[in-house]
Amino acid sequence: MGRSIFAGRFVMERWEIAIIGAGAAGLMAAQAAAKAQRAQGRPVSVVVLEGNPKPGKKLLATGNGRCNLTNLDAGPAHYHGDVALAAPLLEACPPSRVLEEFQAMGLLCRADSEGRVYPRNLQAAAVLQILRQACQELGVTLACDWGVASLAREAGGFRLESAQGERLWCARCVLACGGKASPKHSWEGGGYALAQALGHRVTELRPALTALKSPKKCLRSLKGMRVRAKASLLAAGKPLHQESGEVLFGEGSLSGICVFNLSAHLPEHVTGAEICWRTCPTGTPLPMWSPRSKPIPAAKPGSCSPGP
């Protein structure tokens, strides 16, 4: 527990390290900080602040409730984005290290045929439980219902205040509050405003690795189906990228990992994009849609669907 001082009528606790967000990143960061303090012979002074009533809400929803921990093929060669920026991080923390960390915590894992790694029991709750247990054993303090409303530099550290007027000071602060993906599972505003308050620059945001919207009538007869297929993304009739994997047909949308991967290749401001697919030999034949059927129009990720 941090040392408390009085600030007006509120008690302000003092911590060495405060971590904003009790998701997977926040809980892992808390462990690393606590281990470092112990290794230096210092008392553990780490608090994790979570705005939700319970930690790990988004974590429990990942991988359809199974929690995809990593991929055995993860690395710079498979990264879509600024590879030069991401490469040092990916090389410092390869899949083998991720698995070693979880194994040290007591979590058994398994990989599927495409290299995706899940907990052995295929339950995201097991991942959250092992993360919470590790933090507890190290003496990390978890404070739920403590949404950070403001963050400012003060007295050689940082002052944090909640919407209820609670305050604390910390020497170091870690922002691990996630982004705008799936706002119903996390803080809709993310940590962008907090980062900007400290002088950091926030780049323009746009959806990535997401489902693709389409006119509902195109997919109405396929809703709820799941097949393995080779899917191609086209713009103005020209192929942009192709992926193989599972395709899920929803209410006016296509999803599944292969569709998520295709969405990363959809250029900004492109209209009239289409997706064609051909079912794999082991896949379930699609009713009403042959491999030569008309491509499905796919809207820009997160945008309104074209057509009726």
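Me: What do buried, exposed and partly exposed mean here?

Reply: Buried means under 20% relative accessible area, exposed means over 50%, and partly exposed lies in between. The model is predicted. One case is glutamate 154: its relative accessible area is 29%, so glutamate 154 is partly exposed.

Me: Which residue pairs with glutamate 154 in a salt bridge?

Reply: The general idea is that side chains of opposite charge can pair when their charged atoms come close. Here the side chain of glutamate 154 meets that of arginine 159 in a salt bridge, at 2.8 Å from N to O. Arginine 159 has 24% relative accessibility and therefore counts as partly exposed.

Me: How many salt bridges does a search of the whole structure find?

Reply: The search finds 10 salt bridges. One of them joins lysine 223 and glutamate 251, whose side chains meet at 2.8 Å, N to O. This pair links distant parts of the chain, 28 residues apart. Lysine 223 is in the loop between α7 (216-219) and β12 (226-235), while glutamate 251 is in the loop between β13 (238-249) and β14 (253-255).

Me: Which residues are linked in a network of salt bridges?

Reply: The network links Asp112, Glu114, Arg116 and Arg228. Within it, glutamate 114 forms a salt bridge with arginine 116, and their closest N and O atoms are 2.9 Å apart. Glutamate 114 is partly exposed, at 29% relative accessibility. Arginine 116 has a relative accessible area of 16% and is buried.

Me: How do I read the packing of two helices?

Reply: Two packed helices are described by the angle between their axes and the distance between the axes. Take helix α1 (residues 24-39) and helix α5 (residues 124-138): their axes come within 9 Å and cross at roughly 25 degrees. Angles under 35 degrees count as roughly parallel, so α1 is roughly parallel to α5. The crossing of α1 past α5 is left-handed.

Me: Which residues make the contact between α1 and α5?

Reply: From α1 come Ala24, Leu27, Met28, Ala30, Gln31, Ala34, Lys35 and Arg38. From α5 come Leu128, Leu131, Arg132, Ala134, Cys135, Glu137 and Leu138. By class, this contact has 10 nonpolar, 1 polar and 4 charged residues.

Me: Where is leucine 194, and which residues is leucine 194 in contact with?

Reply: Leucine 194 has its place in helix α6 (residues 192-197). With a relative accessible area of 4%, leucine 194 is buried. Setting aside neighbours within four places in sequence, leucine 194 is in contact with Ile20, Val148, Ala149, Ser150, Leu151, Leu175 and Trp187. Valine 148 is 46 residues apart from leucine 194 along the chain, and the C-alpha atoms of the two are separated by 8.6 Å.

Conventions: Residues numbered from 1 in each chain as written. Predicted model: local features only at pLDDT ≥ 70, side-chain atom pairs only at ≥ 80, totals over all residues. Heavy atoms only, no water. Axes fitted to C-alpha atoms, helices over the stretch in contact; angles between N-to-C directions. Helix = DSSP H or I, 4+ residues; strand = E, 2+ residues; numbered from the N terminus. Parallel < 35°, antiparallel > 145°, perpendicular 65-115°, else oblique. Left-handed = near helix turned anticlockwise from the far one by under 90°. Contact = heavy atoms within 4.5 Å. Nonpolar A, V, L, I, M, F, W, Y, C, P; charged D, E, K, R; others polar. Salt bridge = Lys/Arg side-chain N within 4 Å of Asp/Glu carboxyl O. Buried < 20%, exposed > 50% of the residue type's maximum accessible area, 1.4 Å probe, protein only.
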